Amino acid sequence: MSQTILALHNATIYQESNKILSDVNIDVKKGEFLYIIGKTGTGKSSLMKTLYADLPLTNGEGVIVDFQLNGLKDNDIPYLRRKIGIVFQDFKLLPDRSIKANLEFVLKATGWENASDMQDKIDEVLDKVGLKHLQNKMPHQLSGGEQQRVAIARALLNDPELILADEPTGNLDPQTSVEVMEVLRKINQNGKTIVMATHDYALLMKYPSKTLKCEDGTIFEVVQKTV
C-alpha cells in the first residue's frame, strides 16, 4: 500500500488576505515526482510556501510528512522543515562562506555536533550532485547550475522524506536546466519524493511525470500532451 507523503483536501490558498487558489485537492505518494505548472502569478509559489509553512493554511485540511498544516504551531515549523528539503529558484547560498561552510551551517542549525559526522554527510550529499571536489570554493566561484546543485545537496542533508523545488531551473539556461533536472530525477529514482513548481514546459516534455496546473484560481491535473 502506497504511503501518502502530502495531502491537501478542500484547501484554500491565501497570500495575506487575497484568495489565490480554491478547492485544492492533492495526494502525493511516497516516491512520486509531481510537477506544479502555471503562468507567473497563478499561485504556484503561494502553494509551495503553504506546503513548507511560510504561509498558513487557514481553510481546508493539509498533511505533509505527518504534520497537520491547518493549525500548525509556530514552534512546530522547524521540525516540519527538518523532514522536508526545499530548493529555491535563487539558490539562497550564504555568499560569505565556502560551500562546505554553507552546508555545515545547516547541519549545526539542525542539531548536528560531531565534526567527523558532519564532514561525512557533506561528502555524501555533494557526491550525489557531483560536486564533492568543489566544497572549498565560494559560491561566486561556481556557475549558476553548480550553485543550484549545491542547493539540492543542502536540501538532502537531513534525509528528507519530501523535496519541494520552487522553480529550481528558473534562473538557468536550457542546457543547465537539463543538468539540474537530471540530478533531481536521479534523486527521485533513488526513492525521494519530489514536488516541483515550474513554468519550463520544455522540461515537462523531456521528463514527463504527473502534472497539476494552476489556472484561474484553481488547480487540476493535466494530461501530458495537453500541457
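**Close-up views of a predicted model**

**View 1. Helices α5 and α6.** The axes of α5 and helix α6 (residues 174-189) come within 9 Å and cross at roughly 20°. Axes are lines fitted to C-alpha atoms, for helices over the stretch in contact, with angles from 0 to 180 degrees between N-to-C directions. The crossing angle makes α5 roughly parallel to α6 (angles under 35 degrees count as roughly parallel, over 145 as roughly antiparallel, 65 to 115 as roughly perpendicular and the rest as oblique). The crossing of α5 and α6 is right-handed, the near helix being turned clockwise from the far one by less than a right angle. From α5, the contact takes G145, Q148, R149 and I152; from α6, T176, V180, V183, L184 and I187. Contact means heavy atoms within 4.5 Å. By class, the residues of this α5 contact with α6 are 5 nonpolar, 3 polar and 1 charged. Ala, Val, Leu, Ile, Met, Phe, Trp, Tyr, Cys and Pro count as nonpolar, Asp, Glu, Lys and Arg as charged, and the others, Gly among them, as polar.

This is a predicted model: local features need pLDDT of at least 70, side-chain atom pairs count only at pLDDT 80 or more, and totals for chains, interfaces and linings use all residues. Residues are numbered from 1 along each chain as its sequence is written, and side-chain values use heavy atoms, without hydrogens or water.

**View 2. Helices α3 and α4.** Helix α3 (residues 99-109) and helix α4 (residues 115-128) have axes that come within 10 Å and cross at roughly 120°. That makes α3 oblique to α4. Their crossing is right-handed. On the α3 side, I99, K100, L103, E104, L107 and K108 meet M118, Q119, K121, I122, V125 and L126 of α4. The residues of this contact divide into 7 nonpolar, 1 polar and 4 charged. Helices (H or I, at least four residues) and strands (E, at least two) are DSSP runs, numbered from the N terminus.

**View 3. The largest pocket.** The largest pocket has a volume of about 580 Å³. A pocket is an open set of points on a 1 Å grid over the protein atoms alone, where a 1.4 Å probe fits, with protein on both sides within 12 Å along at least five of seven lines; lining residues have an atom within 4 Å of a point. Grid points are joined across faces, edges and corners, and the volume is the space filled by probe spheres set on the points. The lining has 21 residues, with R81, I86, F88, V106 and R154 nearest the pocket centre.
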